[in-house]
Structures are given as structure tokens and as C-alpha cells.
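Here is a short briefing on one protein model. Look it over first, then read the points below.

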Amino acid sequence: MNKKAIKAWIMYDWANSAYATTVLAAVLPVFYASVAAATLDTDTAASYLAYTHSIGMLCVALLTPLLGTLADLSGRKGDFLRVFAIIGVLATLGFSAIGEGDWFLASALLVISTIGFAGGNTFYDAMLPDLVPVERRDMISSKGYAYGYIGGGLLLAVNLLMIQQPGWFGMSSTLAGTRLAFISVSLWWLLFSIPIFRHAPRRPASSDLPGTWTGYAAVGVRRLRQTFRQMRRFPQLIRMLVAFWFFNDGINTIILMATIYGTSIGIGTADLMLALLLTQFIGFPCTLLLGAWAQRWGAKQVLIVSLSVYICIVILGYFMTQAIHFYVLAGLVGVVQGVSQSTARSLFSNLMPAGRTGEYFGFVNITGKFSSIFGPFVFGYVGQITGSTRWGILSLIFFFVAGIAVLLTVKVQKGLQDATRADQEEERNGSVGATGKSSDVRFT
């Protein structure tokens, strides 16, 4: 293994998690409502922000399968990651220039930064099989998420101080501290991305491929169509994908709705923000520890245990009444959130043909984004018809139970054999495989 490249890969999670914690989770929602959309009523501002998130993820869902295919064909996942990361950095920096009433500009920047963040992660995830052998993927994948927790948590702590104590940083107001927080996130993201920019692995591109971007696009579209047709060759991957649709929707809904749910039952903003920090710092050691267990006992087994904990979380969430309860649940989320995501990524990488991980992770990305609309919808609909968000949070049990049920049918060793056999067949036929060569221009 290339140790420098692996360290650089892990460090990228440290870099871009600052965007996820500060921008998406903590600061931007409040900034959007109080500054960017200050000229709109509260309900309209909330709706516009929700629509903006949907548009951004739709753009990612439509773009990444094709771009993942092109990254596989060209052997340049690192170059694509660099482009998307810089897009995200520049858009995040742009938030610092948003003035009162600039909701349209803020929405546009959020869409662009979402494309940079989520699009870049597609290529980041797809690098894992290029860097790490099967027996080490659980641990290395867990280290990425763990370092992301600590990196995002550290900067979030500083950012909250910038906003609550702006004078400590030479700022005249909370708004000035918020602008400085956006600037710090963009610089943090860029600075700690430099190692992966320098050490990203590259596969050789086939000399048979066309030399123009339009040629790559044409080949990519044809290959993407073939991906849909060839999925049936990998039944274990399909089962894993279906399980992922369920449990990932439940996890994402908890992430998106936790603050709103806490607010609806009377928990203060300060407690919500501190609980978010608690999640980050508990997540770091727990993701490393459980990642080591996954390497020893199997990623599938550890994933099932973590999803079972999520079932306990939503049940306890139904009965939550005080801030201390929210802290306990935030701690439990910190224990299992990182390892559930890292083991899922590791399992996917083991079930995919090694030469086409960008393409298949793109497929996972697009279907995952579309499936993720159901969890928030169920939460909102159940809460509306019952008149209580408590029933909304309890309804998420379905997604975890269904995910576990399908995951139990996944035969990991059989899936690994199918993926290895596909790589060997493609190598013999001159397609993308272990050598990274491709003759996809012949696809029809």
C-alpha cells in the first residue's frame, strides 16, 4: 500500500467535514433565515432552503454517474476530485459576501457547494479500492470517517466561538463572526485537501479511448447504460444496494430532522449545538474502535449491530422530554453513525468490480439521493396526520428494520467472488479491470 496516498485519502475527510458540520448542519440554516432571506417570511424562507437542498442533490444525482464513469475510463479520479473540491471551496467562500435579502444568491451558492461537496465524495469513495486491499478496507474506511469527525468538530467549535464571541477574533458583531466562519471553512477545506491533490492514485487510460471530452462523454454514456444492464450479474451488490436505500434513508432523516425535532419539543438552540459537537467528538474514537472490530469480525455484522442501535435511538427519541435526553441520544448517534457509513462504503467497495468503482459508486449516489426523499416525507406525513413529531420520529423504525432484513440476505464472500470474476473476465477481454485498460469504445 502507498502509505502517503492513504494518509492523504484519510485527511480529505478531515478537510471537507468542516463543510458538513459548520455550513450544512450548524451555521448556514440560521444565516439563511436571518440574513439571506430576511426579507421573506419565516415559512417561505424555510421552504426555499428545503427546495435549494433538493435542487443541489438532484444535480449531484444526475451528474455523478456519468462523471464516475469518465473517471474510471480516464484513470483520473484524483483530478475529478480536485475540480469538485475547488468548486465547493469557492462557493463556500462566497457565503461570506451574502448580504441581507440575497436569498437567491445564497441558494445558488448552496447548490454549487453541494455539487462540489457531494460530487467530490463520489470520487473520494471510489478511490478506496485503488488504495487499499480488501482485508484492510474496513479499518481504513473507518479512519476516514473518524478523522472527519474530529476535523469537523474542531473547526465547528472554533466557528461557534467566532459567532458567539466575535470580539475574541477582532470581529465587531455576530454577523461578522459568521462571515469569518464561512471563510475559515473554505480555507480549512482547501488546505487539508492538498495532500490528496498531490498523492491521489491514477490508473492508466486506454490508448483506444478518444482524446476529447465529448468522446469521453459519448463512451461514458454508453458504459453507463451497460452498467444498468450488467447489475443483474451482481445479485449481492443489488441486495446491498436495496438495504442501503432503506437504512441510509433512515440515517439521513435523523441527521436532517434532529434539530427540528429537538426544537419542536422545546430544547434550546444552545443545547442543540453542543449536542452536535458531542456527536463529533464521540464519533472519532468510536468509529476507529468499531472499525477495528469490523476488520476482525466482519463489516456486515458490525453494520447490523449499528443499525440495531439506531432502532433504539428512534424509540428513545419518541420518549425524549429534556435536554439531557437529547445529549444521550446525540452520544449514541456519535457511537454508530461513522461506523455505519464506513462499513457500508467498505462493503460496497468489496462487491464492485475494482476497475469500475467510480461508475458503481456514481450509481449508488444517484439511487441513494432519490431514495432519500422518502424518509423526510414519512417523518413529515406521519407527524402531520398524528399531530405529533414524536410519531414521525418513531416511524423511522421501518427504514432500519427493512434495511437489516435485506442486509441479512447479503452473502459478502459470494459477492466478492462475483466482483473478482468480473474483473478477470474484463481483463481477459481488454476491458477495464486490474490493469486499468479499457476497450469501452466498442460498447453498443
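Two residues are in contact when they have heavy atoms within 4.5 Å of each other. Keep that in mind for Leu303, which touches Met240, Phe247, Ser340, Thr343, Ala344, Leu347 and Leu407, leaving aside its neighbours within four places in sequence. The model is predicted.

**Overall build**

- The protein has 18 helices and 0 strands.
- It is made of 444 residues, and 56% of them count as buried.
- Take the contacts in the protein with a separation of 6 or more: 83% of them join residues 24 or more positions apart.
- The protein exposes about 18300 Å². Carbon and sulfur atoms supply 66% of that area.

**Leu303**

- Leu303 sits in helix 12, which covers residues 299–319.
- Is Leu303 buried or exposed? Leu303 counts as buried because its relative accessibility is 0%, and the cut-off for buried is under 20%.
- Leu347 is one of the contacts of Leu303. Along the chain, Leu303 and Leu347 are 44 residues apart. Their C-alpha atoms are separated by 9.6 Å.
- The contacts of Leu303 also include Met240 and Phe247. Both of these positions fall in the range of helix 10 (235–264).

**The cavity**

- How many cavities of 30 Å³ or more are there? The count comes to 1.
- The largest cavity holds about 30 Å³ of space.
- Which residues line the largest cavity? They are Met231, Leu237, Leu241, Phe348, Met352, Tyr360, Phe363 and Val364.
- Two elements give two or more residues each to this lining: helix 10 (235–264) and helix 14 (357–371).
- Helix 14 gives the most, with 3 residues.
- By class, the lining of the largest cavity has 8 nonpolar residues, no polar residues and no charged residues.

**Cysteines**

- A disulfide is a covalent bond between the sulfur atoms of two cysteines.
- How many disulfides does the structure hold? The number is 0.
- Cys286 has a relative accessible area of 19%. That value is under 20%, so Cys286 counts as buried.
- Cys312 has a relative accessible area of 42%. Cys312 is therefore partly exposed, as that class runs between the buried limit of 20% and the exposed limit of 50%.

Key:
Residues are numbered from 1 along each chain as its sequence is written. This is a predicted model: local features need pLDDT of at least 70, side-chain atom pairs count only at pLDDT 80 or more; totals for chains, interfaces and linings use all residues. Side-chain values use heavy atoms; hydrogens and water are left out. Helices (H or I, at least four residues) and strands (E, at least two) are DSSP runs, numbered from the N terminus. Buried means under 20% relative accessible area, exposed over 50%, partly exposed in between (1.4 Å probe, protein chains only). Accessible areas come from the Shrake-Rupley method with a 1.4 Å probe; for residues, only the protein chains shown count as cover. On a 1 Å grid over the protein atoms alone, a cavity is a set of points where a 1.4 Å probe fits but cannot get out, and a pocket is an open set with protein on both sides within 12 Å along at least five of seven lines; lining residues have an atom within 4 Å of a point. Grid points are joined across faces, edges and corners, and a volume is the space filled by probe spheres set on the points. Ala, Val, Leu, Ile, Met, Phe, Trp, Tyr, Cys and Pro count as nonpolar, Asp, Glu, Lys and Arg as charged, and the others, Gly among them, as polar. A disulfide is a pair of cysteine sulfur atoms within 2.5 Å.
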